[in-house]
Amino acid sequence: MTESVTPSATLPDYKATLHLPETAFPMKGDLANREPKALAQWEQTGLYHAIQKAAEGREKFVLHDGPPYANGDIHIGHAVNKILKDIVVKSKLMAGKRAPYVPGWDCHGLPIEVAVEKKVGKVGAKIDARTFRAECRKYAAAQIDKQRTDFKRLGVLGDWENPYRTMDFKYEADQVRALAQIYSNGHIVQGKKPVQWCFDCKSALAEAEIEYAEKTDPAVDVAFAFKDPQQLASAFGLTAPVAASAVIWTTTPWTLPANQAVAVNPALRYALVATERGHLVLAQDLVERCLKRYKLTGEIVAVTTGDKLERVDLRHPFYERDSLMIVGDHVTATDGTGLVHSAPAYGMEDFIAVGRYTKELIEPVQANGVYVSDLPEFGGMSISEANPKIVEHLRAVGCLLADFAYPHSVAHCWRHSSPTIYRAAPQWFISMEKGGLRAQALKEIAGVRWIPGWGVERIEGMISGRPDWCISRQRTWGVPIAIFLHKDTLVPHPNTAALMQQVALEIEKTGVDAWYELDQSTLLGSDSNQYEKVKDILDVWFDSGVSHHCVVDARSELAPSPADMYLEGSDQHRGWFQSSLCVSVAMHGHAPYRQVLTHGFVVDKDGKKMSKRDGNVVLPQDVMKVLGADVLRLWTAATDYSAEMNVSDEILKRVSDSYRRIRNTARYLLANINGFDPDNAVAHEKLLPLDQWIIDGALNVQTQVIAAYESYQFHQIYQLVHEFCSVKLGSLYLDVLKDRMYTTQLDSVARLSGQTAMYHVMQALLRWIAPILSFTAEEMLPFIPGMQATSSVFMLTWYEGLKPLPDDAKISRAAFATLEALRELVNKELEPLRSGKQIGSSLDSEVDVVWPEKDVAVLQPFGAELRFFLLTSNVTLSAGGKHEAKITASVSPHRKCLRCWHHRSDVGSHNSHPDLCGRCIENIDGAGEVRGYF
């Protein structure tokens, strides 16, 4: 052994001999400031269109945008929706497809009308209809500009300069053309049916515009006297006439003035009960419960079935008119009395049941919720005002058996949060049965991929049970139902479909005003005086539901429908998914989409709905100003969208920490491949085994990442990438590699091998994160050697430079697993030395490894290089025992090399460099160190 040399009095600076990582890629994201600059660059270079041009000729994937409503600032739910869409679109680009994205907005409808009314007044009062529509158009355009700015700020790439807007003249015209086709196909019917009606909207509502909330109403049990005692006796098989009353139970006393019948179930058994209040007819199974509610005692005199009571006459409880007993399967004996008061103008089941007996409708409630003025007792009252007065009137005339407050869930208008009613009014419908629309829609549902899978049952249930679709609205701002009705017969013109096509040509020139200003004689000629224009507009859900025709089929970059994917919140099973399906099937006979993905609602960390009152609202604009859009995008991807999505400042802070881990890992890779020339990359078969192993690991992750993108499991991508950066790279590979990267010679095979591996990993990592961390990936791109000429990361596809571990690899996957297990055991043994402050770095230690005899051969080939993998200054390896390893860690007795920090016995034995180990001297002055494994 060489004689020891005294350490130098003045320590030389060996830093210049180390190849420390260096990059201009900043450690701090500063996303709030950098992202807007990147966005400006995207717009300046026309990035979206450049991507589309570069992708020409590829297989196409079309995600059709469901239009958000053009009213108000975007909220966190909007952000989630647009980010998820953007992730899908960009991942398809990475998969080598052409993925155009045309954003859109829903522009007609009541919320815009209400906002404009507040500003300029109501039509007919302070402003005419034409001017009002112009104000609505102006308002919607301003709202779109605001929302578009925020959507773009999220990093969403799309044709923002040419979006679709349902108020564009061409869209409005195509909507009328679609209506003409549906009319020609026989799906449009006109009728007077009960529809959900909002008194605040003064219009019919679609099912999708209804939500349910608790409300307390007066529940009443009311006696309807039988008109003919002998007729009743015969129904019960009695000979002597019996004076009695049928008892109904209702929570809507306001509908009693419109009563036309009392319904029973034909198969149920009904009892004639003698009580202190006279004879009562009740469902037999409910007699005891009802008498208890009425505080009466009674005895059943006779029993019959409901079918025997059909067409027995009753007297209205407080008006001089008859009411008929009818049968209906909708009647049950689960609650109430088993007899149902029927006001067909105000309930669909009543309408259907009573309609079998008469087409006459008694409908005293006007569009504003007020009774007609000539209604006896209650004329001019609102139904809410009349409810308690009707109860008192029933009491006064002796027909009230019981009344109590009844809390229950009732339909509310989602815009006004006010209760709705069913109200019969002349309306236009898309029939679910005429033309077999329901059956064909259900058939099409089965051929669509629903994500998550439960979506299919949800929409099947909704289509199976939905009534005919009321598509007419009595409002000003919307697309007209361009039909001419005969003034006397109210029958549409025999050439309606062709006339609609002609009207569409005029609307395409000047918008919907063309319908209202049209001189109908130019179309109808001599018949003009016999017809009048329909004044109703189309339901706003028809506006958006026809977008597959007005957008996908109308734009060459998207055509033809069906689109590959619709992606919206889970509430759209009853909204856009359903309306689009019905319209497309009615027009073309097929669904408008191949896949439907739904995401849950955003709630706070405790699962509560967000509200300003509770102070738990998270605004996307605030998140972008503080943390940046990429953090919001990462949170969206990291959260399982199939359920409710929890968000809070605390949750976003944790996501921000995860973002920094990914960014810093990428920065370390970039810093170590700075100056690397890909043309000098080491061939895969010549890479050191550790480098082959990490590339193999990256390939495994990439396979899973691509599969997760294909299955839209974005939270799995987050987990895969974060774990790879934290564990495989950060805690193992890069930790082991840094000694080789810093200390070996600049152009040595050992160092170039590591750079080659990191280059491949960085190329892959860049693409994995690009659909999610779009701004960050774009920022990284020019720092990767050889990528400076690539204009955007979205011009790239999945990286193909990763290769599996060779079959004849010097270290097999199983051997690497053994090495990882050993490293974990060693780190565990070192922990007491660290906590006791006997060592700082693991390089201050040495370990003695006794490994089971049957497996020790796996470790023996590594020899002296084992210390590099374990990050200790020395390792002794021996065989012993059969099953368990024994690790002994100790503080190294040797001096520390000032350059590599390893404690080696030869430090101080070289006159030229008394503070270095022999390995470092070889790397500085000699031919350079040779590594075989690590």
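**Entry 1: helix H18**

I looked up helix H18 (residues 576-588), whose 13 residues reach 17 Å from the first C-alpha to the last, close to the 18 Å expected at 1.5 Å a residue. The expected span is 1.5 Å times one less than the number of residues. Helices (H or I, at least four residues) and strands (E, at least two) are DSSP runs, numbered from the N terminus.

The model is predicted: local features need pLDDT of at least 70 and side-chain atom pairs count only at pLDDT 80 or more, while totals for chains, interfaces and linings use all residues. Residues are numbered from 1 along each chain as its sequence is written, and side-chain values use heavy atoms, with hydrogens and water left out.

Is H18 mostly covered or mostly uncovered? I found it mostly covered, with twelve of its 13 residues buried. Buried means under 20% relative accessible area, exposed over 50%, and partly exposed in between (1.4 Å probe, protein chains only). Among the buried residues of H18 are Trp576, Phe577, Leu581 and Met587. Just after H18, I noted that Gly589 takes a positive phi of about 85°.

**Entry 2: nonpolar cores**

I then turned to the nonpolar cores, each a set of buried Ala, Val, Leu, Ile, Met, Phe, Trp, Tyr and Cys residues joined through side-chain atoms within 4.5 Å. The largest one has 210 residues, and those with the most contacts inside it include Phe542, Tyr593 and Trp768. Helix H23 (residues 714-743) gives the most to this core, with 15 residues.

For Tyr593 I looked up the contacts (heavy atoms within 4.5 Å). Leaving aside residues up to four places away in sequence, Tyr593 touches several residues, including Trp450, Pro562, Phe577 and Leu581. A second, separate core of 78 residues includes Leu280, Leu314, Val327 and Cys399.

**Entry 3: a four-stranded sheet**

I followed an open sheet of four strands in the order E12-E13-E8-E14, with mixed pairing. Two strands pair if DSSP finds at least two bridges between them. At the edges are strand E12 (313-315) and strand E14 (340-342), each pairing on one side only. Neighbouring strands of the sheet are turned by 35° against each other on average, direction ignored.

E12 pairs with strand E13 (residues 322-327) in the antiparallel sense over three bridges. The bridge partner of Leu314 in E13 is Ser323. Helix H9 (residues 348-355) lies across strand E8 (261-264), E13 and E14, and runs at about 80° to E14. Axes are lines fitted to C-alpha atoms, for helices over the stretch in contact, and angles run from 0 to 180 degrees between N-to-C directions.

**Entry 4: salt bridges**

How many salt bridges does a search of the whole structure find? I recorded 54, each a side-chain nitrogen of Lys or Arg within 4 Å of a carboxyl oxygen of Asp or Glu. Side chains of opposite charge can pair when their charged atoms come close.

Arg475 is buried, with a relative accessible area of 17%.

Arg315 forms a salt bridge with Asp322, the closest N and O atoms being 2.3 Å apart. Arg315 is partly exposed at 25% relative accessible area, and Asp322 is partly exposed at 33%.

The side chains of Asp739 and Arg919 also meet in a salt bridge (3.0 Å, N to O). Asp739 lies in helix H23 and Arg919 in helix H29 (residues 918-925), 180 residues apart. Asp739 is buried, with a relative accessible area of 9%, and Arg919 counts as buried at 11%.
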